[in-house]
Amino acid sequence: MDILIQQLFNGLTIGSVYSLVALGLTLVYGILHIPNFAHGALYMLGGYITLSMMTLYGVNYWFAMFVSVIVVGLMGVLLERFVFRLLREAPPLHDKIAAIGILLFLEAFAQFVWGADFHTMTSPYDQVVNIMGLTFTMQRLLIIVSAIVVMILLYLFLKKTYTGSTIIAMSQSREGASLVGININKVAMLTFMISGGLAAIASSLASPINLVFPGMGHLVILKAFVIIILGGMGSIPGAIVGGYILGFSESLGATYISNDYKDIIAFVLLVVILTVKPTGLFAKGER
Amino acid sequence: MKILTKRNGIIALIILAFLFPIIGQNDYYLHMLTLSFIWAIAVYGINLLSGYTGYLSLAHAGFFAIGAYSLGLLTVKSGMNFWLALVGACLITCAIGFVIGLIALRTKEHFFAIYTLCVGYIIYLVIDKWEGLTEGVRGLIGIPAPGNIGPITFDTAASQYYLVLVFLLAVIIVMYRIIHSLTGRTYMAIRNSEDLAQTIGISTMKNKLTAFVLSTFFAGLAGALYASFIRFIGPDIGSTSIMFDLLMYLLVGGIGTLSGPLVGTLLLVILSQNLQFLQEYRMLIFGPLLTLIIIFYPRGIAGAIFDWKIKRKDKKPPVLRNDVSIKVEEG
Amino acid sequence: MIIETKNLTKRFGGLAAVNNVDFVIKKGKINAIIGPNGAGKSTFFNLISGFHRPSSGTVIFKGIDITKLPANEIAALGISRTFQTTSLFDKSTLLDNVIVGHRLRTKSNLVDAILRTKRLKREEAACRDKAMEVLEIVGLTDVADKIVASVSQEEKKRTAIALALATDPEIIFLDEPAAGINPDETEGLTVLIRKLNQSGLTICLIEHKMHMIMNLADHIMVLNYGEKIAEGTPKEIRCNEAVIKAYLGGSASAKVI
């Protein structure tokens, strides 16, 4: 029973990270229909920037994370402006390949700057707390709480502010949005910025319990794709729910099935979903 | 007249390729060329599917690995004759390709790319983790070189070069014939617009599946040749970084062109050999290159030359970009 | 009668895009479907040509139930169509674009391609001849070797029609053939459609350009919100109360001229 609760808690932790990454991916997909393969590289970059800020400049964890969010967010803006905007009218194949090019560049860049070694990020929250006989590290609790706070803020932003509503409007219909006078380019850049920021938050939160290395985004991005297909490409609640579902399945799978193959769970899930429903779960009805 | 010079040029290139081991006398270059030819065969496979049929597969490094491991296991563990194992490796790859294609091709565009990316990853993970069969990360060692055919042996660098060259030429001829036939036109119609292809009576699923299986065949063949040429294989040959390398060869050379895969592979393999010092960081250059190419020269070097020729022939310059798929809107 | 729909219905989610439509397409005539934007005209085409599976109802072609057939088999029976957007391959010639249109009447396969068999050569020649023939019908022989990207919008529209003709159809569905082209070119297209019809081809078209339809069609059906509200000759349609109301009263954006 204890193991089960412990694993559910772990699931919640991993799920929180997955949800944040998937949210960024789904926002961009919803607005621009770009499956951003480079999103994992943005995640990786976020981890490195936070780490460097802490080790090189000795700044506080939260401030380091803030810098990371800004830098990666701006990186996203640059990508939109100088890559994806140029490809907006191009066949869908081109977006994907451009994104792969960016991914390869960013990974090589990280390796060039920070080396290929694995780094650990020490967070100020490595204490262990005891709640009802179960032990948790503060960092894990922090991941869960922060993720929920970020999600709520994102929700409020999208629903309660004008700027947020332009994003929603554009995800529903690009033509409609431009007809009512929404500046599509601005919204696209903003979306990329939020997407990059979310990736940076996710990796900054997760790095203290994982490791920082050039390939750290690989699995995460693949899983984030699985999640948004699970939750519906472009759907925001879908990304959140999907993230937690995957988090739970993995932590339970690792315990009760096989730790070796836990990374495969997501892909088997995806293969099963797409085999049964080629357009993904919750696909918007054909029109 | 023009055709004649083009044909002569190709003949000259082939002769040069055959004479190279005699002129070159350099095992290092021979090795590099042989390896490039092997990669090029796999790239032709990806080109058939992604370039001509319009489905971006990210699983082909996986099929390459399946071909390589099938050959390795059949020869090393079952002690099978090389040539039999080569046929077996191709058949195994095609069989797995058929099953995966049957499912994967029900998805489209982004879903297909993501699906195949995941399939590729699963193949890699299975090879990596299934130690009982594949020896896992230790890799498979002692794979035999190609066996003799009568008096012809394949134990020198030059003979292996010729063997791979013959396979490559065969692959190119097959590709040439396909894309200049009704079958090739059918694939291109599907790439251009699947809806339109269906309205003109093309059974898209059947054709896509044939293209998919044939493209996995090329990847598997390349993998099997690789295994017997390098004599050692590890799970890494199925990794996404190999996939992205292959994709880059294709894109730089020219996706959806006949010469593109060979041009791109040769150019990039030679280039990265000469940029040895930045081996680890070559993606610092190649990554942005890939992105720039897809923005400005979406059909690579071969495509750019082709467009330039058309421009010269046709006084009215063709509108570039916006080419492949204009989606059908419904009212 | 060549095609008949009975109670044809298509729902997307809860909305009926096409609702209980009975329609008879008359053999050898020019039939037309009109209606305001979003009336379900394109969906109706998609149901007949096999792109969407109807929620209920049937489509009968020369006495055969084709409701459940996939699009490519429907094409093989002799039903052809064009799309609003032409979807041609910009980088090859008009001829190359049209050649594949006759593919469905050929049998050669991958093996024929690799071995360059006699059958393949014969069939390729047949496809090429067919392509030249249909390009001549639509009046594009002169520009057959031009790259699609370099020809006019109207020529692209004609190429799309040629492609549909290359399948040897008995009936051709044209989805807004005159959209996006100027009045003179529209006139030329009208002449072409009439010519095709006179050669024995049954035509069914959707069009927004009202005077073109009124000139051209023998028989018109009017759809509004997925339902058939009127049917008859151009004269009858012009005086029909329900039609006038649909166009002037509702959310109509089409131009009645």
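Why are helix 3 of chain A and helix 4 of chain A oblique to each other?

Author: The structure is a predicted model, in which local features need pLDDT of at least 70 and side-chain atom pairs count only at pLDDT 80 or more, while totals for chains, interfaces and linings use all residues. Residues are numbered from 1 along each chain as its sequence is written, with chains lettered from A and ligands numbered from 1 in the order in which they are written.

In chain A, helix 3 (residues 61-84) and helix 4 (residues 92-114) pack with their axes 11 Å apart, at an angle of about 130°; helices (H or I, at least four residues) and strands (E, at least two) are DSSP runs numbered from the N terminus, and axes are lines fitted to C-alpha atoms, for helices over the stretch in contact, with angles from 0 to 180 degrees between N-to-C directions. Helix 3 of chain A and helix 4 of chain A are therefore oblique to each other, which is the class left over once angles under 35 degrees are taken as roughly parallel, over 145 as roughly antiparallel and 65 to 115 as roughly perpendicular. On the side of helix 3 of chain A the meeting residues are Leu79(A), Val83(A) and Phe84(A), and from helix 4 of chain A come Asp95(A), Ala98(A) and Ile102(A), where contact means C-beta atoms, placed from the backbone, within 7 Å. The contact of helix 3 of chain A with helix 4 of chain A has five nonpolar residues, no polar and one charged (Ala, Val, Leu, Ile, Met, Phe, Trp, Tyr, Cys and Pro are nonpolar, Asp, Glu, Lys and Arg charged, and the others, Gly among them, polar).

Two helix pairs in chain B may be set beside this one. Helix 3 (residues 60-77) of chain B packs against helix 10 (residues 204-230) of chain B at an angle of about 50°, the axes being 7 Å apart, and helix 3 of chain B and helix 10 of chain B are therefore oblique to each other. Their contact includes Phe63(B), Gly67(B) and Leu71(B) from helix 3 of chain B, and Gly220(B), Gly223(B) and Ala227(B) are among the residues that helix 10 of chain B brings to it. The residues of this contact between helix 3 of chain B and helix 10 of chain B are divided into 12 nonpolar, eight polar and no charged.

In the second pair, helix 11 (residues 240-253) of chain B and helix 13 (residues 283-296) of chain B have axes 10 Å apart and an angle of about 45°; helix 11 of chain B and helix 13 of chain B are therefore oblique to each other. Helix 11 of chain B contributes Met248(B), Leu251(B) and Val252(B), while helix 13 of chain B contributes Phe286(B), Leu289(B), Leu290(B), Ile293(B) and Ile294(B). By class, the contact of helix 11 of chain B with helix 13 of chain B holds eight nonpolar, no polar and no charged residues.

Between chain B and chain A, the contact takes 39 residues from chain B and 41 residues from chain A. On the chain B side, the elements giving two or more residues are helix 5 (109-129), helix 11 and helix 13 of chain B, and helix 5 of chain B supplies the largest share, 13 residues. That side of chain B has 25 nonpolar, seven polar and seven charged residues.

Strand 9 (residues 219-224) of chain C runs antiparallel to strand 10 of chain C and is joined to it by five bridges, and Met221(C) stands opposite Glu231(C) in strand 10 of chain C.

An open sheet of four strands in chain C has the order 2-1-4-5, with antiparallel pairing. Strand 2 (15-25) and strand 5 (64-65) of chain C stand at the edges with a single partner strand each, so one side of each is left without a neighbour in the sheet. Two bridges join the antiparallel strand 4 (residues 56-61) and strand 5 of chain C, and Phe61(C) stands opposite Ile64(C) in strand 5 of chain C.

Technical notes: Two residues are in contact if their C-beta atoms, placed from the backbone, lie within 7 Å. Two strands pair if DSSP finds at least two bridges between them.
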